[in-house]
Amino acid sequence: MTGPVLEFLPNQAGESEGLGDAGIETFRDNPYASCGREAGQNSADAAVSHPVRLTFDVLDVATSELPGIGVLTDTVGRCLADAKQEKDLDFFSQAKKLLGETTTKVLRISDFNTKGLAGPSGEEGTPFHSLLKGAGVSNNKTETSGGSFGIGKNASFAISDLQTVFYSTAYRDKAGELLFAAQGKCRMVSHIDTNGEKRRATGYWGDPDGYVAVEDPALVPQWMRREEIGTSIFCAGFRQSDGWAWSIACSLLTNFFAALHRDSMAFEVNDGEIKLNHNTVAAMFVDPRIVSAAEADGQKGQLDFAHDLFRCLTSPDAEEVEQKVQGLGEMRFRVLVEDGLPKRVGIVRNGMLITSELQQFGDKLQRFVGTREFVAFVEPVADSASKLMKSIENPRHDSFSANRLSDPTKRHAAETAMRQLIRDLRAHIELTASIDEDEEITLDELARFFAEDASGTQPPDPDAENDPEKYVYKPARKTKTRAQRQQENAGEDGGGGDKKSEETGGKRSGDQKGPGTGTGGSGTTGKVPPLKLRGLRTAIPSGNTDAIKRTVWFTPTVTGAAVVQLEATGLNTGEPLSVVATSAGAVRKGKVEIDLKEGERISLEVTFDAPYPGPVEVFAVAELQEAAT
């Protein structure tokens, strides 16, 4: 064969291709976290023994040693000269600057205890071919594995300011012989090369005869060679910023805490500066450098949630059951009940955290009324459950949807099975975390009313008869009703006068702000009192087993436009229920806007954004219009 070269595909059709590759753009927002997550997922899928080990290191490579440097430099220059959009100008200007420097930063991601990328590289269906040239195809032999070199492989391009990535692998063929393969891929824009020929945006470095891999290690730069079985990925022009290593480590910890705890995966970042494994995972959750990286990347909430799930996974106080879900298979539910937990569910598959909600199946898993604070860890146990969940997992591995299935019968079966999972999961959480009505609760703020005095004298028996000669009769005290949550108009609060509380048709009202002219607000009014509703009733419609709908009846005492809001009944304050559909009026910001007529009975059937079977309270306020300017 001739020596390896970088060559862009011919563009006989004259297609116009820009930088906005959908696969790469998917990971632009958080490139370090995405790179760590996707690399970990693909390596876990290729495991031959445990723990699978991944390393993330930065190399300083002589720019002259980048494979295909001549063609790459010429192509970048030509693309820059033809660039018209600001995005293209910025990208190719930066790329040209990098290629003009003496050394280039390269992020090397290497895995161990995996089977490598089996070839041959030119044979369709092999792992090597799927990684370099596959689009929307799977090379997995196991239907329960983590992934299949799908869209996630583009995460490596998102952290390369040259959008150029090289791969090398050592693997054993079917005869057991140890083989080597290396190839590169870059993504520019469609262009005209130095010979005046039209070229596409995608170029390959390797054997030009069929755009296949180089199989002779002697033809590959020393820094790309590999002898131990496994795969290495090299992101050329690595976008190295301060804290990159801790951002990647934070992503690995957040997504693979279950695999780390079970010693099925281990990671080292920045030449071993950061070690994530079975022994360090617990401490890493509170490491200030991990916390700082999470805050800088806007991932602090995800880190805290993962920490809660990790504690659920490891705590002896968590209650665990393995339950067969009809249509899905054996699932594991593990619930930890403890003050301060977020009342959330984490669904893990193949050792990686996938999602905390099942919105595509009608439940965000965010509202759990009548339960103590908890966190739940959910994962498939049976292969049948893992197989089905993998089939409906999106390419980014962060949600599930039955619409990913083309066969309507399989789609309906998956939809039914996942809804049953929701019902079974909610039933288990209610059983484990429900608040018992007869549970004894100590209220510290009331202790002074019931404590014994210094002499140890017991308080009087409330059932004992009063001695009429000693008992002092006092007039009955007036009691205050629970104050209704103040209703807000659409504008900012202006100054307002106080309005004394009054009963409103069995509902509650408290200190309300009326129209005012105070400073600090741009609205014409501040808090407004509720409208009086007579004959208020609510019910779950017949046949609505998931309790996502509710029928409301009431008779207004005024005429005019109003806003109706529903709340889940709480001990002290209600929790707003977000309405997404209504049989009358219109939905705006989770509330119902409707025209009322005094004395005319209203019937509404509303749909919530998530199931809620508990009691509700209904409020209506006048719809206030902004003053004319």
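**Exercise 1.** How are α7 and α10 oriented to each other: roughly parallel or roughly antiparallel?

*Solution.* Keep in mind that this is a predicted model. Start with the geometry: helix α7 covers residues 244–261 and helix α10 covers residues 300–314, and they pack at an angle of about 10°. Angles under 35 degrees count as roughly parallel. Therefore α7 and α10 are roughly parallel to each other. As for spacing, their axes lie 9 Å apart.

**Exercise 2.** Work out which residues of α7 and α10 meet, and what classes they belong to.

*Solution.* On the α7 side, look for C250, L253, T254, F257, A258 and H261. Their partners in α10 are Q302, L303, A306, L309, F310, L313 and T314. Now sort this contact by class: you get 9 nonpolar residues, 4 polar ones and no charged ones.

**Exercise 3.** Find out how many disulfides there are.

*Solution.* A disulfide needs two cysteine sulfur atoms within 2.5 Å. Going by that rule, the count is 0.

**Exercise 4.** Decide whether C35 and C312 are buried or exposed.

*Solution.* Buried means under 20% relative accessible area. C35 has 2% relative accessibility, so C35 counts as buried. C312 comes in at 0%, so C312 counts as buried too.

**Exercise 5.** Describe the span and the covering of helix α2.

*Solution.* Helix α2 runs over residues 31–45, which makes 15 residues. From first C-alpha to last, α2 reaches 21 Å, close to the 21 Å expected at 1.5 Å a residue. Next, the covering: 14 of the 15 residues in α2 are buried, leaving the helix mostly covered.

Technical notes: Residues are numbered from 1 along each chain as its sequence is written. This is a predicted model: local features need pLDDT of at least 70, side-chain atom pairs count only at pLDDT 80 or more; totals for chains, interfaces and linings use all residues. Side-chain values use heavy atoms; hydrogens and water are left out. Buried means under 20% relative accessible area, exposed over 50%, partly exposed in between (1.4 Å probe, protein chains only). Helices (H or I, at least four residues) and strands (E, at least two) are DSSP runs, numbered from the N terminus. The expected span of a helix is 1.5 Å times one less than its number of residues. Axes are lines fitted to C-alpha atoms, for helices over the stretch in contact, and angles run from 0 to 180 degrees between N-to-C directions. Angles under 35 degrees count as roughly parallel, over 145 as roughly antiparallel, 65 to 115 as roughly perpendicular and the rest as oblique. Contact means heavy atoms within 4.5 Å. Ala, Val, Leu, Ile, Met, Phe, Trp, Tyr, Cys and Pro count as nonpolar, Asp, Glu, Lys and Arg as charged, and the others, Gly among them, as polar.
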